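Trainee: I have not seen this structure before. Please show me how to read it.

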2 protein chains.
Amino acid sequence: MKFTIEFNPIGKRLIEKRAGLLLDIAREAGIGLKSLCGGKGKCGKCKVIVNPANQATAIEKRLLTRDEIAEGYRLACRTTVSEDTEVYVPPSSITEEQKLQISGKEIELKPLPPVKKFFLQVPRAILSDTKPDLERIKEELKRKYNVKVEGIDFNALSVMGPILRESDWSITVIVREREIIGVEPGDRTKDSFGIAIDLGTTKIATYLVNLLTGQSINIWGIANPQIAYGEDVLSRIHYGGNTKTNLEKLKSEVLKAINLAIKRVCKESKVRRGDILEGTLVGNTAMHHIFLGLPVKQLGLAPFTMVTNEPLEIKARELGFEIYSGGYFYLPPPIAGFIGSDHLAMLIASEIEKKEGNLIAIDIGTNTEIALKTKGRIISCSCASGPAFEGAHIKHGMRAAPGAIERVNINSKSLSVNVATIDDKAPLGICGSGILDAISEMLRVGILDSSGKINSGYKGVRRIKQGKSLEFLLVKDGRRKIAITQEDVSEIQLAKGAIRTGIEILLEKTGLKVNDINGVIVAGGFGTYIDPLKAVRIGMFPEIDIGKFVQIGNGAGIGAKAILVSKRLREQADRLARKIEYLELATYSHFSEYFTRAMRFPKIK
Amino acid sequence: MKFTIEFNPIGKRLIEKRAGLLLDIAREAGIGLKSLCGGKGKCGKCKVIVNPANQATAIEKRLLTRDEIAEGYRLACRTTVSEDTEVYVPPSSITEEQKLQISGKEIELKPLPPVKKFFLQVPRAILSDTKPDLERIKEELKRKYNVKVEGIDFNALSVMGPILRESDWSITVIVREREIIGVEPGDRTKDSFGIAIDLGTTKIATYLVNLLTGQSINIWGIANPQIAYGEDVLSRIHYGGNTKTNLEKLKSEVLKAINLAIKRVCKESKVRRGDILEGTLVGNTAMHHIFLGLPVKQLGLAPFTMVTNEPLEIKARELGFEIYSGGYFYLPPPIAGFIGSDHLAMLIASEIEKKEGNLIAIDIGTNTEIALKTKGRIISCSCASGPAFEGAHIKHGMRAAPGAIERVNINSKSLSVNVATIDDKAPLGICGSGILDAISEMLRVGILDSSGKINSGYKGVRRIKQGKSLEFLLVKDGRRKIAITQEDVSEIQLAKGAIRTGIEILLEKTGLKVNDINGVIVAGGFGTYIDPLKAVRIGMFPEIDIGKFVQIGNGAGIGAKAILVSKRLREQADRLARKIEYLELATYSHFSEYFTRAMRFPKIK
């Protein structure tokens with residue numbers, strides 16, 4: 001028995017044969033439903049109107065209001081569909097487009113890519129000289145360029161003969177390290193490109209790079225489509241660790257997205273995909289493993305073991321990448337279960353090893369990685385700062401998309417609120433930097449105390465009482481209200497507390513005081529948008545001179561690009577990876593003591 | 001418009017949508033129609049009865065008798081089918097099963113395979129020791145076996161983590177050279193097998209080998225299914241060089257056949273295909289190239305250039321072999337356009353380098369390769385001896401299949417004939433060794449003179465006159481007559497003349513006389529069945545003491561097996577390949593002079 005499912009207002013119609021979970025069906029159909037918890041019935045983000053609707057489950061009754069249930073709202077992760085059904089997907093349940101911070105401060109370097117094209121005029125075979133094609137090419141490479149090769153890509157071998165003869169023995173040979181990875185007719189040495197990918201939990205940044213000059217010629221950011229399977233790393237590990245099919249799904253989703261991004265940058269920059277000869281990819285360890293199809297279950301269970309922490313070079317075609325078929329992808333090594341190659345790339349981009357003094361480098365995300373450099377040592381740790389700064393777990397939170405409040409000012413006398421939104425659109429919600437601003441301002445004007453409680457003494461128009469809980473209203477626009485709730489404040493306390501704990505334990509471990517810190521490098525999308533002053537004000541960072549903060553933008557992406565272009569930086573990254581000392585915070589004895597203290601807000605002076 | 005083609009007596013029914021060439025349609029359907037010329041309308045072997053039949057073409061009128069045309073016989077390679085058709089395939093047009101000589105005199109060697117299994121009990125990961133899985137395995141390999149590895153197969157990496165955990169950290173690691181190619185649960189070190197393949201133009205020999213002992217545990221021979229696309233190397237080159245699709249077809253046919261052979265030997269010997277860890281493959285240069293999907297067109301045109309003459313190691317999965325997915329196939333290097341790695345393997349099997357004196361090693365086939373060893377030099381040449389010794393181009397010729405005449409004796413007084421057939425079946429035709437016998441006997445009793453003419457003075461019952469041409473009747477069995485025709489004698493003269501020319505030119509090049517030769521090693525299926533005395537008698541070999549001949553059986557196969565089992569022999573084969581001096585007979589100035597002389601038969605003393 002077939003039945004039809006119609007998704008509105010998208011206008012997508014599916015014909016199904018078997019009953020299935022609505023969340024799975026929507027995902028299969030490419031409809032990006034939000035799901036922070038990975039379909040476990042915990043976040044309530046996948047709500048849709050279903051008609052006809054099933055009896056609401058206990059979980060739905062808890063996560064949806066009575067009115068919503070009456071209107072037909074249900075959770076897609078709790079709804080089984082087995083007959084003709086109409087589904088209305090509210091915009092709030094669709095994975096939005098985001099403002100992606102993917103550019104940054106590039107580092108200067110001389111390109112030294114591992115792959116290079118050589119133009120050759122190969123002596124023609126004659127009866128008195130019947131040397132094989134490959135031997136001819138090798139000899140000419142050696143004679144003209146003093147390049148000695150050993151291996152050859154199997155595909156290159158099979159096209160070599162016809163190309164030599166069709167192009168009148170004038171060819172371009174693509175050499176990577178000591179392997180011939182390709183042969184092309186005529187002189188194509190000018191067309192040498194590479195692709196660097198920063199595979200984040202929420203975003204994917206793609207850099208198209210000219211390998212001859214080392215310059216980026218196009219940058220493109222997209223959302224990581226795996227978001228539909230859970231917003232944070234742990235839900236992905238949970239989902240991907242569950243079955244091999246799930247892991248395959250996560251892998252193929254991200255591969256498809258990357259291939260599309262490559263296609264797009266190439267089209268825009270008029271570059272043939274076949275002229276992309278090499279790629280690099282960095283990401284946290286879960287992203288790295290999922291991307292390679294490596295098992296991730298053990299990454300979510302103590303002792304959080306990686307499969308490997310070696311740099312990998314894999315043929316693009318083995319991975320399914322649509323670049324030059326003989327080309328390679330280079331993956332710098334991950335450092336530990338929760339410190340990935342993105343951290344390594346960020347440290348390369350920050351040039352932390354070259355800089356003097358005691359330095360902190362911090363990449364803020366759902367997981368925040370912090371490195372402390374002092375006297376030749378680099379110690380790194382990872383803090384589960386959670387997705388609050390990405391707008392998740394916040395009542396009116398949203399990603400940094402158009403309409404998100406990103407700046408908040410509160411007049412300390414009138415308590416009137418001024419907000420700025422992304423693209424100056426009518427406010428739809430509040431994103432990470434806006435929440436940070438709001439909380440810092442609420443602290444400053446005394447609406448929040450240092451324990452994080454909303455001051456119940458305050459009685460103005462902006463105070464909202466929801467049951468027993470208080471909220472502070474930022475914006476009222478028609479029927480839409482955007483407020484900061486007591487729960488929101490707690491979420492931010494957890495997030496900033498985690499980060500601060502990491503910093504404090506690193507300081508303690510190295511015996512350094514806050515005043516010994518000579519600089520703080522802040523990377524990551526959120527890290528670029530925040531106002532360090534306000535981050536210090538809420539106690540996310542210790543009291544360090546604002547002048548010592550440097551915001552470098554997407555350090556991981558810049559590092560990936562640098563590693564793409566330079567063999568020397570690959571070696572440096574490998575050395576650095578082995579040098580980094582990993583500090584597991586969970587095993588640290590005073591952890592909870594530090595954490596409890598770090599969750600409090602500083603007293604306003 | 002659909003139409004039906006019914007093949008009888010096979011009983012195969014095809015439904016076709018578009019008009020097509022009958023030969024192609026039959027091939028696609030897996031019906032092995034004979035075709036010596038590769039569908040060029042030259043050999044007339046693909047004759048079938050077609051109903052309804054088209055008007056016979058000029059070519060068909062030339063190659064078929066008037067009676068045959070009246071009966072509806074047509075050539076499948078000249079027949080386009082576009083309506084409901086019945087096709088009768090006579091047994092003589094089907095590629096028969098053959099008697100395959102695939103065993104031989106094995107050489108003694110100590111196994112030293114490049115791939116080995118190691119059993120490990122890996123220390124479990126704990127919170128205070130979170131080393132990645134791969135690092136753990138590497139350390140244990142080093143500690144317990146002093147084995148240092150560098151790389152790891154991408155697939156092995158992805159199964160490593162779960163296998164470690166599911167098997168309680170007791171695993172078997174498969175190491176090849178410095179790469180981990182696989183991980184298995186528990187102790188599986190005993191199950192280490194390899195496969196050696198001798199890919200001939202007409203036959204494929206498969207050897208299943210225990211890598212720990214070096215012993216063959218099963219041998220299986222099948223016909224090369226490419227025969228349907230032309231019986232000799234040149235027709236294959238012609239067909240495969242024509243389009244990329246043709247090349248793909250040849251490649252996939254042979255791959256399918258080899259995979260089936262592997263499946264069969266494994267089933268018979270109760271070996272899991274996944275326990276075959278390594279393979280080797282030898283063959284003539286065209287077979288080598290086709291097998292790899294390398295272009296072959298240039299192999300058929302002067303200067304007959306190879307794509308490569310290097311040894312290749314390729315992952316079985318890249319080639320499509322159904323053995324252990326991380327395993328490799330090793331292909332020893334071909335020597336020249338018409339001297340393949342089978343010649344190299346045969347020389348390894350003959351242990352020619354170890355032996356004293358001036359030696360000839362000869363592998364008789366459609367192409368015959370001859371090597372002459374003298375004073376540390378080895379000079380090899382290739383002679384286009386043609387398929388006559390395989391029964392082709394001979395009126396009643398057939399392969400060495402049951403019912404083929406393999407021995408002939410003629411009473412010199414009564415001229416009565418005694419024949420022996422394979423498996424003592426009723427005689428169906430005559431195979432290579434039978435033809436050699438027949439001609440040698442006809443010479444001895446004076447029915448043939450040294451120019452190769454059938455004595456017209458002989459008037460007995462066995463003389464048949466066909467038009468102007470004479471035939472000598474061997475067998476008359478009911479209505480079936482098996483005779484040697486004047487054309488058959490000419491074919492054999494061409495074949496043996498080519499071989500003898502090769503030997504003579506090698507002798508001249510090295511300044512050796514026949515008496516200087518200390519031994520002749522004869523390899524190959526046909527070479528094993530022949531009586532050297534009779535081969536000398538017809539002048540295929542010079543007059544060398546019969547005691548100096550050694551028949552080693554399928555030398556190429558034995559060599560492939562030895563190379564599979566021993567890294568030392570691989571190195572030896574590589575050195576030998578570089579040492580062999582290739583002599584191109586076609587460019588030799590006195591070639592036609594030698595050839596004309598060599599075609600004559602020796603005078604009977």
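Predicted model: local features only at pLDDT ≥ 70, side-chain atom pairs only at ≥ 80, totals over all residues.

Trainee: How many residues does the contact take from chain A and from chain B?

Mentor: Contact means heavy atoms within 4.5 Å. Chain A gives 38 residues and chain B gives 38 residues.

Trainee: What is the area buried between chain A and chain B?

Mentor: Buried area is the accessible area (1.4 Å probe) that two parts lose on being put together, summed over both. Here the value is about 3,100 Å², with 66% from carbon and sulfur atoms. On the chain A side, Leu127(A), Phe154(A) and Pro303(A) lose the most area to chain B, together 19% of what that side buries.

Trainee: How many salt bridges are there between chain A and chain B?

Mentor: A salt bridge is a side-chain nitrogen of Lys or Arg within 4 Å of a carboxyl oxygen of Asp or Glu. The two chains share four salt bridges. One of them joins Arg317(A) to Glu318(B) (3.4 Å, N to O).

Trainee: In what order do the six strands of the open sheet in chain B lie?

Mentor: Strands of a sheet pair through backbone hydrogen bonds, either parallel or antiparallel. Strands are DSSP runs (E, at least two residues), numbered from the N terminus, and two of them pair if DSSP finds at least two bridges between them. In chain B the order is β14-β13-β12-β15-β17-β16, with mixed pairing. β14 (216–223) and β16 (312–315) of chain B are the edge strands, each pairing on one side only. β16(B) pairs with β17 (residues 328–331) of chain B in the antiparallel sense over four bridges. Ile314(B) stands opposite Phe329(B) in β17(B).

Conventions
Residues numbered from 1 in each chain as written. Chains lettered and ligands numbered in written order. Heavy atoms only, no water.
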